[in-house]
Each structure stands twice: as C-alpha cells, then as structure tokens.
Amino acid sequence: MSKAQEWWTAPTQSESGRLIMVTGLKTVDEFRDNPRFNIRVEITWRYDGDETGMPDVDTSTLMERVQDALVAAFHKDPVAVLTGIFTGDDERNWIFYTLSTHIFGKKLNQALAEFPQLPISIYCENDPGWDAYDEMSEAEIKLD
C-alpha cells in the first residue's frame, strides 16, 4: 500500500442549494479490486456553520486533526481506505470502504482516543460495486 494518494476536489450543491466541497481519492484500484472491501462507512460531523454552511476556523482545524488521525491509523493497518470527503451545508462526511465493520470500529476508537467526545454519527452499508464512489466521482467528471 505504498502508492502515493492522488485527490481531486470539486464544488457541488446540496439539495438546498448550498455549496459542498467534494474531495475524492483517485487511487482506489488496489482496494476496489479486492472484493473484501465492500462495506461503505460514512462518518458524519454536524456543526454550526457560517452563513455559507462552512465550518469556522476552530472546527475546521479540529476536523483536520481528526482526519489526519484517521488516515494515519488506516495507513498503518490498511483495513479501510478514506475515499471521499464532503464539507458544507453544516456537516462534514468522511467516506471509507472497509472489509470489516468490527475492525473498522476498533481502529476508529483507537484513532480518536486522544480527542474529546466528538459530535459524529456513523452509517454503514454494503456497497460491493462501489456505486456510491462512482456517484461521487461524477463531480470530478463535471470538472473536465
């Protein structure tokens, strides 16, 4: 898992017309080609955004620290991969694909142990075809 990660970022809109910045991982083939990585996990952090729906500086800084901890944990033990980040409309969503919700939860708790209790919720679904990833990637295609 030594490939450098390449990301893209594109603006989109929420259903209410507010800006959402979508960031997606381009280099997913080694995970996508492994049929065990078939569970999509979405971690949602709702916040009180500014008038545009974006987080304030303190919240954004804490979110970046949390994201760095998550990326480091799953880089060290690649049982999940961060594939997408959505920020805007008063929430941030981190999208992972994993091979086990049990192991993912254990690694998540370890990664977040240094932080105070965070206002996050977690949703999981089976997505063996990576359909949600393909839908997210349409935002990158619109940039071309």
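Guide: The buried residues of helix 3 pack against strand 3 (39-46), helix 2 (57-76), strand 4 (80-88), strand 5 (91-98) and strand 6 (120-126). The model is predicted.

Visitor: Which residues of helix 3 are buried?

Guide: Burial is read from relative accessible area, with under 20% counted as buried and over 50% as exposed. In helix 3, the buried residues are F104, K107, L108, A111 and L112. Viewed along the axis, these buried residues fall within an arc of 125 degrees, so they line one face of the helix. H102 and N109, on the other side of helix 3, are exposed.

Visitor: What span does helix 3 reach from its first C-alpha to its last?

Guide: A helix span is compared with the length expected at 1.5 Å a residue. Helix 3 comprises residues 101-112, twelve residues, and reaches 16 Å, close to the expected 16 Å. At the start of the helix, a side-chain oxygen of S100 comes to within 3.3 Å of the backbone nitrogen of H102.

Visitor: Which residues touch the most other members of the largest nonpolar core?

Guide: In soluble globular proteins, nonpolar side chains tend to be buried together. Here the largest nonpolar core has 23 residues, and I43, V66, L70, W94, F96 and F104 touch the most other members. At least two residues of this core come from each of strand 3, helix 2, strand 4, strand 5 and helix 3. Helix 2 supplies the largest share, six residues. There is also a second, separate core of 15 residues, whose members include I20, L25, F37 and M136.

Visitor: Which residues does W94 touch, not counting residues up to four places away in sequence?

Guide: With that exclusion, W94 touches V41, E42, I43, W45, M63, V66, Q67, L82, G84 and I85.

Visitor: How many aromatic pairs are there?

Guide: Rings of Phe, Tyr and Trp are paired when their centres lie within 6.5 Å, and planes under 30 degrees apart count as stacked. The count comes to seven aromatic pairs. One of them, Y97 with W130, is stacked, at 3.9 Å centre to centre and with 10 degrees between the planes. Y97 lies in strand 5 and W130 in the loop between strand 6 and helix 4 (131-141), so the pair ties together parts that are 33 residues apart in sequence. Both Y97 and W130 are buried.

Visitor: Is T44 buried or exposed?

Guide: T44 is buried, with a relative accessible area of 7%, whereas Y123 is partly exposed, at 45%.

Visitor: Which contacts does each of the two residues make?

Guide: Leaving aside neighbours within four places in sequence, T44 is in contact with E91, R92, N93, P119, I120 and S121. The side chain of T44 also makes a polar contact with the side chain of N93, at 2.5 Å. Y123, with residues up to four places away not counted, touches R40, V41 and E42. Its side chain makes a polar contact with the side chain of E125, at 3.0 Å.

Terms used:
Residues numbered from 1 in each chain as written. Predicted model: local features only at pLDDT ≥ 70, side-chain atom pairs only at ≥ 80, totals over all residues. Heavy atoms only, no water. Helix = DSSP H or I, 4+ residues; strand = E, 2+ residues; numbered from the N terminus. Expected span 1.5 Å × (residues − 1). Buried < 20%, exposed > 50% of the residue type's maximum accessible area, 1.4 Å probe, protein only. Arc of directions from axis to C-beta. Contact = heavy atoms within 4.5 Å. Polar contact = N/O pair within 3.5 Å; in protein donor to acceptor, adjacent residues only side chain to side chain. Phe/Tyr/Trp six-rings, centres within 6.5 Å; stacked < 30°, edge-to-face > 60°. Core = buried A, V, L, I, M, F, W, Y, C linked by side-chain atoms within 4.5 Å.
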